[in-house]
Amino acid sequence: MKKIQMVDLKGQYTKIKEEVDSSVLEVLDSTAYINGPRVHEFQKNLETYLGVKHVIPCANGTDALQIAMMGLGLKPGDEVITADFTFAATVEVIALLQLTPVLVDVDPVTFNIDVEAIKNAITPKTKAIVPVHLFGMCANMEAIMQIAKEHNLYVIEDNAQAIGSNYTYSNGKKAKAGTIGHVASTSFFPSKNLGCYGDGGAIFTNDDDLAHTIRGIVNHGMYERYHHDVVGVNSRLDSVQAAILDIKLKRLDDYNTARRKAARAYNHAFAGQDQIVIPTGRDVCSGICDTCDCHVFHQYTLRILNGKRDELVKHLNENGIPCGVYYPIPLHRQKAYLDERYNERDFSVTNQLVKEVISLPMHTELDAEQIEFITSTVINFVNS
Ligand SMILES: *Cc1c(COP(=O)(O)O)cnc(C)c1O
């Protein structure tokens, strides 16, 4: 059996090595390292793939979130509602801009931001909602957009984990993750579903004016050379990364299909295990049927109900199976983001999930033998 990896970047690279190597060498030869034609080509191709009017590449997914918030003109003191159960980048940029993060609980089935909790957290100071499409599946965007409309709020989708996923509306209509809110951010960190070989990120929007504002912000607030109209940042995707991303974008649907295939095999093996909760989709969609493309499984995350999650992590590691706990501490209990207004009672789901979740190896190169070994090791341990 091949050695099991949490993410197999080498196996994936080996299959596209010739194309990547020659493309990278072309960029080196061109010397157009920053804002070269490859960045523009990738931007156009990603706009077409997503069906969105504007993609603005930038340096990483954290910058993308920050720049999206700057572009919307959010001001210190404005409240921004986001999920308690996510990677810290989301709340970090809210705090950095001196906006007030308002963390709320998540849904125990989808792990995504809880719609009722959003409603309860809205105050006259609320200006925006940041749903995070956690682990590869969209938050309940239809309900979130409705709330935003009623309360005149912006919606910023943190799409770092769900690129390529399709959101299905209750009437069956579909839209790509990251094209539904007013603006969205994504990350091209190597282990993401569309990852480059360094850091990278992008902002998406259908709003022409916002796109214009953001194009200036990423480039020192310049709209005309050496005229600095607003305070900006320096956040760029380089041409080498763009060349690599363009090659991988053509394969993104295949990569996501491979992830779903692995997830289906996992789910099949774990079905009927009463101490294990397998990931499922929202009510309109199981997330894992053959034709469905709403979940792109950035992570394959189980809940272990018998209190043996930490022992399972140890057992898997001892058996050569890498795994992860995303995320072990709720954001509302992180030192940097403590807020006396929070009440533990409002975070019952997140507080439970941090004790139960475990993410198994998930990438495009998993094979049947590896999945059989992983699933039988988990099942034997959980029932021991
Ligand atoms: C990875 C990630 C980010 C940050 O992306 P970077 O490119 O690492 O800055 C933000 N939000 C979520 C949910 C992520 O998973």
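Predicted model: local features only at pLDDT ≥ 70, side-chain atom pairs only at ≥ 80, totals over all residues.
Residues are numbered from 1 along each chain as its sequence is written, and side-chain values use heavy atoms, with hydrogens and water left out.

**Stop 1: the largest pocket**

Select Phe87, Gln161, Phe189, Lys192 and His298, the closest to the pocket's centre of the 27 residues that line it. A pocket here is an open set of points on a 1 Å grid over the protein atoms alone, where a 1.4 Å probe fits, with protein on both sides within 12 Å along at least five of seven lines; lining residues have an atom within 4 Å of a point.

By class, the lining has eleven nonpolar, 13 polar and three charged residues. Ala, Val, Leu, Ile, Met, Phe, Trp, Tyr, Cys and Pro count as nonpolar, Asp, Glu, Lys and Arg as charged, and the others, Gly among them, as polar. Helices H3 and H4 and strand E8 (183-187) each supply at least two lining residues. Helices (H or I, at least four residues) and strands (E, at least two) are DSSP runs, numbered from the N terminus.

**Stop 2: H3 and H4**

Now select residues 61-71 (H3) and 89-96 (H4), whose axes come within 9 Å and cross at roughly 40°. That makes H3 oblique to H4: angles under 35 degrees count as roughly parallel, over 145 as roughly antiparallel, 65 to 115 as roughly perpendicular and the rest as oblique. Axes are lines fitted to C-alpha atoms, for helices over the stretch in contact, and angles run from 0 to 180 degrees between N-to-C directions.

Show the side chains of Thr62, Leu65, Gln66 and Met69 in H3, which meet H4 residues including Val93 and Ile94. Contact means heavy atoms within 4.5 Å.

**Stop 3: H9 and H12**

Next, select 252-270 (H9) and 368-382 (H12), which pack at an angle of about 35° with their axes 10 Å apart. Ala262 and Tyr266 of H9 are among the contact residues, as are Ile371 and Val378 of H12. This contact has nine nonpolar residues, one polar and no charged.

**Stop 4: two backbone details**

Most residues other than glycine have a negative phi, and most peptide bonds are trans. Go to Asn152, in the loop between helix H6 (141-151) and strand E5 (154-158). Asn152 is not a glycine, yet has a positive phi of about 60°.

Finish at Tyr326 and Tyr327, joined by a cis peptide bond with omega about 10°. Tyr327 sits in the loop between helix H10 (309-318) and helix H11 (348-356).
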